[in-house]
Amino acid sequence: MLNKYTTLINIMWQRGLAYRFTIFAYRIGEIAEMLVLLLMWSAIFTGTSTIQGYTLNEMLTYILFGNLVNTITRNFAAAGIGRDIKDGRLSLFLLKPMKHVRYALASEIGRASLPFVLSLITQLLVVLLFHDKFLYNTDPVTLLVILGMILLAFLLEFELSYLAGLIAFWTDEVDGLYTTMERVKKFFSGGYFPLSLLPATFITVSFALPFAYSFFVPAQLYLKKIDLSMGLKGLGVQLLWIVVLAMIIRVVWKRGIRKYEGVGI
Amino acid sequence: MKQYLRVFTQLIKNSISMLTAYRADLLMRVLIGFGWSAASIITIEIIFLHTQELSGWGKSDMILLLFTFALTVDLLSNLGKGIEDLEDLIRLGTFDTIITKPIDSQFYTVFRQPNIAGLLYFVAHQLPFVIILILYPTNISWHFLPVYILFIILSNILWLSLKTIFITMNFWWQNVGNIHFLLFSIAEIGKYPMTIFPYLMQFVFYTILPIGFLAVVPSSTLLGIFSWTSLVGMISITFLFFFLSRILWQKAVREYSSASG
């Protein structure tokens, strides 16, 4: 049963190896983006020691740690699913003895594993570069909760991405939409700046939404800006969203498949 | 020259007629354009709630910088979108059909598919910035506008040349399909004041990888910080990279061996 999924993961890993330069290029770009954020916040902190309760070191750690979490949790399933639907390749999956959502998840795990390893290495190198500014949290319980949060965030991100991919059942031109959704997700996850810089109501709402668990909440937990009980509550919220999104995916898939034309058949 | 202009006009016409076939996509691009500029403006607003300036750049200066950046990377780049498909052309061997045409292959590869929809996105993206720059007080020195326009033209050529240089690498290295994404990511640095970077990085961004010239130099000029050094630098760098892209392209085409045999 599991064999077919591990085979899929392996195939996607091999494919990743063939495109290792592309992965490396993306990574360089991400490091550049992160370095800009680090330098920008360093410039903003000139002349002030705290901003909204953050010291410079906390802000830099937020960016470094948050990005590390984000490199593990994010995924690009939407574009692949969108292409399968648009090009009619989905028809092949309808004949296979596995659910498309499971196929997509296994593929995504395989696809993400090589960039993940590369990201982890490069991210740790950047942390080393800022080692005198980086704050360390070695509390095993906190780290365990964060690990759980990251795993659930991976699933959540996958579900959101899968759902976005299914939009291709209704419209042909989806690439711009996916990119925009990525940006919106990054904004609401606290990827551009800590959500604490926004009004308090916004933070309360973001704790109830699935986005913040891929960046903001784990980073806050790591920085001890929120306590463990909030972290555990966060795990509950994540689980709830995973169930809700799975149900939404079921409904959207059923409706979409009725609309599916199977181009090329 | 006249022949190239005629071909380019025809390519634009083709692109417009294709556009009418995708009206929903058009509307979506306009909305996305608005959405992205709104996100950028909100981010700037939030940052400037906590600081008066960013390395000497005020809030309205940053808005001008973002506006200029898009003017540089989205304008001519959308008209020259065709270069981004070069990897496919080489891999599938369809580049053969381009080199057999009685027109310069670099010109045709770059401009054969003008992205008019992308230009509409560009207009929608720029509109909120223009409104802010008109309605709110800025430090713009309007008498430098002609120099700013000249710089924008040059930086568009510079950006397209940089893109072409990067993508031309596909002729030699088949596994670097998305190399232009690397350039796009690095170019994002051009949205920020160069003074936030250490001196060594600033040196790189004004010489080897001249993204400092894309938006920072033109914006600074419109903000009244003009120097003859920047004018000479801008012209020299643009021409240097333009000719570099030509030389590389010609060498690549000479060494090109068709994939289809």
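# A walk through two chains

Start where the chains touch: 25 residues of chain A and 29 residues of chain B make the contact, with contact meaning heavy atoms within 4.5 Å. You are looking at a predicted model, in which local features need pLDDT of at least 70, side-chain atom pairs count only at pLDDT 80 or more, and totals for chains, interfaces and linings use all residues. Residues are numbered from 1 along each chain as its sequence is written, chains are lettered from A and ligands numbered from 1 in the order in which they are written, and side-chain values use heavy atoms, leaving out hydrogens and water.

**Stop 1: the interface.** Show both chains as surfaces. About 2,700 Å² is buried between chain A and chain B, and carbon and sulfur atoms give 76% of that. Buried area is the accessible area (1.4 Å probe) that two parts lose on being put together, summed over both. Now select helix 2 (20–44) and helix 8 (175–189) of chain A, which each supply at least two residues of the side that touches chain B. Helices here are DSSP runs (H or I, at least four residues), numbered from the N terminus. Which helix of chain A gives the most to this side? Helix 2 does, with twelve residues. Colour this side of chain A by class and you will find 17 nonpolar, six polar and two charged residues. Ala, Val, Leu, Ile, Met, Phe, Trp, Tyr, Cys and Pro count as nonpolar, Asp, Glu, Lys and Arg as charged, and the others, Gly among them, as polar.

**Stop 2: a charged pair.** How many salt bridges cross the interface of chain A and chain B? The rule finds zero there; it asks for a side-chain nitrogen of Lys or Arg within 4 Å of a carboxyl oxygen of Asp or Glu. Over all chains, the count is eleven. For one of these, select Glu33(A) and Lys186(A), whose side chains meet at 2.8 Å, N to O. Glu33(A) sits in helix 2 and Lys186(A) in helix 8 of chain A, 153 residues apart.

**Stop 3: a pocket in chain B.** Select Leu76(B), Phe107(B), Phe111(B), Leu160(B) and Phe242(B). Of the 18 residues lining the second largest pocket, these lie nearest its centre. On a 1 Å grid over the protein atoms alone, a pocket is an open set of points with protein on both sides within 12 Å along at least five of seven lines, and lining residues have an atom within 4 Å of a point. The lining has twelve nonpolar, four polar and two charged residues.

Methods: 1 Å grid on protein atoms, 1.4 Å probe; cavity = no way out; pocket = protein on both sides within 12 Å on 5 of 7 lines; lining within 4 Å.
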